[in-house]
Amino acid sequence: MRWLLIVIGFLSGIISGMGVGGGTLLIPALTIFMHVEQKAAQSINLLYFIPTATVALWIHAKNKRIQWRVLGVLVVSGVVGALGGSFLASYVEGSFLKKIFGVFLFIMGVIEFFKKGKKDL
Amino acid sequence: MIGFDYIKSIGIGIITGFVNGFFGSGGGIIVVPALESIVGLKKHEAHATAIGVILPLSILSAFVYMKQGLLTKGYLSWITLGGVLGGYIGAKWLPKISTSWLHKIFGIFMIVAAIRMMIV
């Protein structure tokens, strides 16, 4: 059980560290395999992401891959969306939220599958 | 990065924050392609910058979830332990791997998981 959680976290962490959406791995893994409720899984993902992203961000910053001006504009405007989205999530039924999440995941999965791996550095 | 469009960037920011807050995830999936195709960042810049954008937004959303009583800490410590190790490796590997096979595997996982979540 404990090891399974570490493995799930580890695999999600690799994906998160690359910046391609670790939550889309962690949340289904938690709801499907560990039977965690949707909103609980979402909150676990938000929290797990904080130290995971901090470590990844530090490495990316050291390698000078971050565009700080773009980051600043997106964070400031993102605050508005983040507040709206989080409050809305709390008013939606958990089972319904899980279904909408499924639809979102399906669309993103199809896009992901047909995405070409570019190798421009 | 060619030109930097403030209006479009603000729009991307709002949508990213909203998705990330509503689904407790998925902000990166929105913001990475937007940074690449709309803002014109290089692939690895887009991925790295995306993490920097999502991190403060996730902290804010986690705070709202906490205020609304949605926060559950069960399993968190073990997942985070694995997550931090994985996050370190993922960030180190990013420039070294060709991502085309990763997209295929990840895409299939997402589709299967999505169907499971929609029907159960």
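1. A helix, as the word is used here, is a DSSP run of H or I at least four residues long, and helices are numbered from the N terminus. With that in hand, read chain A from its N terminus: the elements run α-α-α-α-α. That gives five helices and zero strands in chain A. Keep in mind that this is a predicted model.

2. Next, the overall build of chain A. Its C-alpha atoms fill a box of roughly 40 × 35 × 30 Å along the principal axes. The chain has 121 residues, and 55% of them count as buried. Now take the contacts in chain A with a separation of 6 or more. Of these, 48% join residues 24 or more positions apart.

3. Two loop residues of chain A deserve a look. His35(A) sits in the loop between helix 2 and helix 3. Its phi is positive, about 55°, although His35(A) is not a glycine. Is His35(A) buried or exposed? His35(A) counts as exposed, because it has 8 C-beta neighbours inside 10 Å and the cut-off for exposed is 12 or fewer.

4. The other loop residue is Lys64(A), found between helix 3 and helix 4 of chain A. Lys64(A) is not a glycine either, yet it has a positive phi of about 55°. With 9 C-beta neighbours inside 10 Å, Lys64(A) therefore counts as exposed.

5. Chain B is divided into domain 1 (1–71) and domain 2 (73–120). The C-alpha centres of these two domains lie 18 Å apart.

6. Finally, the core. The largest nonpolar core has 72 residues. Its largest share, twelve residues, comes from helix 3 (residues 43–67) of chain B. Domain 1 and domain 2 of chain B each give this core at least three residues. Which residues have the most contacts inside the core? They are Val31(B) and Leu35(B).

7. Leave out residues up to four places away in sequence, and Leu35(B) touches Leu41(B), Ala46(B), Thr49(B) and Ala50(B), along with Val70(A). Find Val70(A) in the structure: this partner of Leu35(B) belongs to chain A.

Key: Residues numbered from 1 in each chain as written. Chains lettered and ligands numbered in written order. Predicted model: local features only at pLDDT ≥ 70, side-chain atom pairs only at ≥ 80, totals over all residues. Core = buried A, V, L, I, M, F, W, Y, C linked by C-beta atoms within 7 Å. Buried ≥ 20, exposed ≤ 12 C-beta atoms within 10 Å, placed from the backbone. Domains from an automatic or database assignment. Contact = placed C-beta atoms within 7 Å.
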